[in-house]
Amino acid sequence: MSSRLGDTMIEPTIEFEIANVDMNNGFPASCDTCRSRQPASGETDRQRRVEVNWKHLLHTAIESSAHGLCVFDDQSRLVIGNEQHRSLYSLASSEVSPGRPVEDVLKGRHARVVGANANGQLSHYLSAIRRGEEFQTTYELQDGSFVELDMHPMSGGGFVERHRDVTELRLAEVRAEEARQELIEKQYAIDQAVIVAITDIRGTITYANDRFCDISGYTREELVGNNHRLLKSGVHSQDIFRQMYRCLARGGVWRGELCNRAKSGQLYWVDTVITPQLGPEGKPVAYMAIRVDITARKKAEAQLCHAARHDALTGLLNRAALLESLSEWLSQTQAKQQTLVVYLLDLDGFKHVNDTLGHAAGDALLKQLSGRLISVVPETALIARLGGDEFAIVQISAGDEREETQALSVDLLQTIAIPFAIESQQATVGVSIGISIAPLHGLTAPELLYKADLALYRVKSEGRSGYHVFEDEMRSRAQDRNQLVNELRASVARGEFELHYQTICEAGSLRPRSAEALVRWRHSSRGLLYPDEFIGVAEETGLMEALGRWTLERACSDAVSWPGEIKVAVNLSPAQFRGGFLFDLIIGVLMKTGLPPHRLELEVTESMLLQDEEENLLLFRQLKNIGVSFALDDFGVGYASLGSVVAFPFDKLKVDRSFTSELPSKPASRAVVASIMTLARGLNVQVTAEGVETMEQLQFLRNQGVDFVQGYLLGRPVPSDALDLTGAPLRSGLPDASCFKK
Ligand code: C2E
Ligand code: CA
Ligand code: CA
């Protein structure tokens with residue numbers, strides 16, 4: 001059945017209604033015009049013309065609408081549906097042919113609708129139609145578009161539908177919702193990550209987020225209403241706050257790192273941005289502070305900084321930090337005309353602790369020692385470990401610096417002399433202290449340290465374990481020493497040395513059995529120099545290896561021309577032991593000179609053997625295997641340990657000159673010699689007494705059963721060509737052993 005538009009309306013009304021279709025968003029103001037009816041019989045031509053015209057106009061109006069429009073009659077049959085409607089739902093013309101019942105049309109449309117409730121929507125809509133109620137819904141279509149449907153019932157029956165493509169609107173809404181959600185999430189994340197506080201211009205807290213409560217340890221109630229000063233740490237100077245307030249008062253944004261104090265008293269660091277909230281007059285009315293917790297970073301920075309400035313073992317300042325602090329202190333004390341004292345400490349005997357008890361024990365001693373330094377030195381002083389067993393103390397003098405240096409030095413000497421207990425063992429070290437004073441001795445850190453070092457050197461050269469304040473004359477000595485080092489280097493290169501030999505005789509027969517090689521330096525201007533003047537310097541400057549090599553070679557080649565039963569005794573130095581080439585060197589020299597190994601005796605001191613004991617023992621055995629013999633020199637002085645006498649297969653012990661010289665009058669020396677003899681017999685080792693100068697000494701030593709004697713009484717060291725190895729003059733001039741027998 002076809003629907004027809006009513007024909008009762010007069011043209012102006014129709015025009016008005018058509019105009020209204022667009023004016024009212026596509027809906028006719030009244031629906032009377034759309035009432036369908038059957039054509040009445042006896043219609044006039046004019047009436048028909050009007051109707052055709054009317055239909056045409058309405059049709060054109062509906063088709064030209066921007067939206068989809070459908071008009072249904074009072075039987076809910078489609079009167080007209082426009083092209084937009086068809087294309088919105090992709091409907092075929094047959095699905096929306098006039099006269100179709102609304103259910104058909106809806107079925108066609110709903111076939112394109114997505115969503116589980118499409119059917120529910122359908123029944124809702126049909127019941128709204130039945131009840132003549134307005135209805136609105138939005139369909140999501142399978143092609144991804146959204147169509148909004150508005151249904152308006154008409155007063156005389158029937159209804160009009162408007163279908164509007166709201167895809168863009170919907171997508172914009174979706175995007176807006178997504179953005180809103182993202183913002184909420186971001187805000188949440190910010191709230192979780194940063195500390196937010198709002199204060200009024202007086203600093204009274206008006207808002208605190210959860211993070212602020214967490215980090216400060218205060219509840220929100222405790223924070224809000226309280227002044228932000230509550231969190232003041234006392235770490236910053238007033239300057240930083242003054243600068244902050246000035247910036248904020250100008251309406252600027254302030255940023256900086258601040259330390260705050262939590263309720264527990266713990267400090268925490270925050271990177272802070274404070275923004276003023278400006279009022280209508282452009283003046284701040286509140287401040288918003290956003291803070292990020294940087295405590296962990298600050299801790300890491302502090303640790304790094306601490307590690308860069310402190311010695312890892314003792315926790316004291318290191319050399320770089322001392323130099324820096326000393327320079328700062330110097331400029332401060334200069335301005336205030338104060339006196340500053342630098343103490344340089346060097347332990348005596350520390351190497352021995354390391355060598356005998358091991359490095360772990362050495363470390364433990366250094367730790368204990370730094371604790372002792374802290375307890376003795378005034379709290380205001382700087383204490384640093386400069387490396388190894390070297391320490392420094394810097395103190396600002398409060399009164400008479402000479403008295404103070406004396407008092408502190410004595411304290412240090414006494415405190416450090418107390419034995420250290422290290423894992424059930426005891427270790428003892430001494431200390432040498434060199435002192436310089438500012439401004440008297442200098443105004444810069446390097447100069448003061450250099451002068452304290454010169455004073456320290458003096459203490460060392462005077463036998464250690466003492467203290468000295470720098471004196472100008474030390475500098476000239478140091479210069480002399482420098483000159484000596486340069487000359488020694490040149491002389492080693494040019495071979496300006498000589499060997500003198502001193503005989504070592506059998507104690508009973510006084511027959512020479514060997515001769516000890518003693519090195520002399522033929523100095524171009526100072527004449528003949530003795531080893532005490534240059535051996536130490538050669539050791540310290542690395543020249544000893546070359547000098548030692550020369551000595552060994554010369555001694556062996558000299559000895560080749562001596563009577564076959566006479567040995568040559570050569571002193572070895574610690575530097576030669578450390579080099580690791582000693583075995584090769586000795587073999588090389590013996591081969592080169594042709595001296596049989598059993599004619600070479602090496603003299604070593606106990607301290608040389610303690611380092612790398614196992615390696616040295618191996619070297620010992622290798623050399624002994626080829627026939628070289630060993631004497632333990634200077635026995636009885638320096639080290640209390642008898643370990644090496646037992647551990648190393650020595651052939652001889654040499655009783656130190658200091659004991660011989662006190663014989664026979666001094667009971668202690670007599671006792672030492674007697675006990676050395678007992679030990680030597682027990683170990684089956686022979687004994688040489690050095691420094692025999694008098695007949696009484698010789699007599700005592702013979703009585704004790706000493707095997708060999710050496711000393712001025714029997715012959716001074718002389719050049720090889722002046723050496724008499726027959727022993728004839730000796731035996732003729734000196735009484736033989738039988739005279740001393742009791
Ligand atoms: P030393 O090995 O104990 O040598 C003995 C020192 O005592 C020698 O001094 C010798 O001249 C001295 N002397 C010998 N008899 C007497 C005496 O009756 N009375 C006194 N008062 N002194 C006596 P020198 O030659 O000055 O050597 C000193 C030290 O220098 C030596 O002590 C030794 O440790 C070292 N030395 C000497 N030559 C060499 C060498 O070629 N290489 C190494 N590494 N050290 C050497
Ligand atoms: Ca010697
Ligand atoms: Ca000696």
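At 3% relative accessibility, Cys-259 counts as buried, a label given to residues under 20% relative accessible area, with exposed meaning over 50% and partly exposed in between (1.4 Å probe, protein chains only). Cys-213 is likewise buried, its relative accessible area being 12%. If a disulfide is taken as a pair of cysteine sulfur atoms within 2.5 Å, the count comes to zero.

This is a predicted model, in which local features need pLDDT of at least 70 and side-chain atom pairs count only at pLDDT 80 or more, while totals for chains, interfaces and linings use all residues. Residues are numbered from 1 along each chain as its sequence is written, and side-chain values use heavy atoms, with hydrogens and water left out.

The predictor's confidence in each residue, pLDDT, runs from 0 to 100; the protein chain averages 87, and 89% of its residues score at least 70. Confidence is highest in strand β21 (residues 567–571), at 98, and lowest in helix α1 (residues 11–23), at a mean of 36. Over residues 1–40 pLDDT stays under 50. Where pLDDT is low, the predicted coordinates should not be read in detail.

Turning to helix packing, α11 (residues 319–335) and α15 (residues 445–461) meet at an angle of about 110°, and their axes lie 9 Å apart. The two helices are therefore roughly perpendicular to each other, the term for angles of 65 to 115 degrees. Their contact (heavy atoms within 4.5 Å) involves Leu-322, Leu-323, Leu-326, Ser-327 and Leu-330 of α11 together with Ala-445, Leu-448 and Leu-449 of α15.

Methods:
Chains are lettered from A and ligands numbered from 1 in the order in which they are written. Axes are lines fitted to C-alpha atoms, for helices over the stretch in contact, and angles run from 0 to 180 degrees between N-to-C directions. Helices (H or I, at least four residues) and strands (E, at least two) are DSSP runs, numbered from the N terminus. Angles under 35 degrees count as roughly parallel, over 145 as roughly antiparallel, 65 to 115 as roughly perpendicular and the rest as oblique.
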